[in-house]
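The following exercises concern a predicted model. Please work through each task before reading its solution.

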Amino acid sequence: MPIPAEIRTSFAEANRLVQQSFIESGIQPGEQVTPDQLGEAIEQFLFVFDKLDREHGEKGPVPYDDVSQMGDHAIGFIMDLAYWADRLRLPKSKMDLEKTALAVAHWVIRHDGEIRTLEPLVNSLAASANLTQDIPTLKAMSEVIADVIEHATPVIKSDLEKHDVTRPWRILNLNYAIVATRTQDRTIIEKAYDTLGRNLPEDCPTFFEQGLQQAQKDVYGPEVRELMQDYFKRWATRH
């Protein structure tokens, strides 16, 4: 499906508010790209994405165009505009812009591209997960996170910055396991835990130890506790 109308509407409103607040602030941008320039560039990318969907279909590779590079440029501009939203103290606008970045990532994935920038996607997914207890929504979110992990570039997957505990790749994988646990769906949970084991083996002993404690809460059923116990035993014996 094309980028949803509600995403476009929320982007348009966030873009308008950021530009208005920037004008009213009197901030001198110096050499930074201004919000109006960023907003115009993002709108052009969204127009091109729609055009390519119409001409080549909503799924599959796009001839003669590097969708990975296009998506990365668009996400980069969205990140820059989200920075202005944060600087201008517009938290909702920042969140709406991060949702736009997630929609762009979904477009890239639909067209068999790679995700090269994770930060706004991680922020958007984490914020959305914190706002819901709805099981179907959490299941859908788990699928989205799994897609982003799967389509991340090899450079991201190589995880060369292991010393940085705040790196987006680490947070994304941990959040995948957390969101999957909250679905209480065995199939989804096992897929997320196995992914965590492949991508962040050094984090697994602590994650499953802490998870075992959390799983004792009444909100979780016995199957979740048994799964957490099983994975804790697997990883505790490896270290």
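**Exercise 1. Identify the residues with the most contacts inside the largest nonpolar core, and describe the surroundings of one of them.**

Solution. Step 1: the largest nonpolar core comprises 71 residues. Step 2: within this core, Phe49, Leu97, Leu118 and Phe208 have the most contacts. Step 3: take Leu118 as the example; setting aside residues up to four places away in sequence, Leu118 touches Val148, Ile156, Pro168, Trp169 and Leu172.

**Exercise 2. Compare the span of helix α11 with the expected value, then determine which of its residues are buried and which are exposed.**

Solution. Step 1: α11 covers residues 222-236, 15 residues in total, and reaches 21 Å from its first C-alpha to its last. This is close to the 21 Å expected at 1.5 Å a residue. Step 2: Val224, Leu227, Met228, Tyr231 and Trp235 of α11 are buried, that is, under 20% relative accessible area. Because these residues cover an arc of only 95° around the axis, they lie on the same side of α11. Step 3: Pro222, Glu226 and Lys233, on the other side of α11, are exposed. Step 4: the packing partners of the buried residues of α11 are α8 (168-183), α9 (186-199) and α10 (204-214).

**Exercise 3. State how much space lies in the largest pocket and which helix supplies the largest share of its lining.**

Solution. Step 1: the largest pocket holds about 550 Å³ of space. Step 2: 23 residues line the largest pocket, and the closest to its centre are Ile7, Lys99, Leu102, Ala103 and Val144. Step 3: at least two lining residues come from each of α1 (5-25), α4 (91-110), α5 (119-130) and α6 (135-151). Step 4: α4 provides the largest share of the lining, 7 residues.

Technical notes: Residues are numbered from 1 along each chain as its sequence is written. This is a predicted model: local features need pLDDT of at least 70, side-chain atom pairs count only at pLDDT 80 or more; totals for chains, interfaces and linings use all residues. Side-chain values use heavy atoms; hydrogens and water are left out. A nonpolar core is a set of buried Ala, Val, Leu, Ile, Met, Phe, Trp, Tyr and Cys residues joined through side-chain atoms within 4.5 Å. Buried means under 20% relative accessible area, exposed over 50%, partly exposed in between (1.4 Å probe, protein chains only). Contact means heavy atoms within 4.5 Å. Helices (H or I, at least four residues) and strands (E, at least two) are DSSP runs, numbered from the N terminus. The expected span of a helix is 1.5 Å times one less than its number of residues. The arc is that of the directions from the helix axis to the C-beta atoms. On a 1 Å grid over the protein atoms alone, a cavity is a set of points where a 1.4 Å probe fits but cannot get out, and a pocket is an open set with protein on both sides within 12 Å along at least five of seven lines; lining residues have an atom within 4 Å of a point. Grid points are joined across faces, edges and corners, and a volume is the space filled by probe spheres set on the points.
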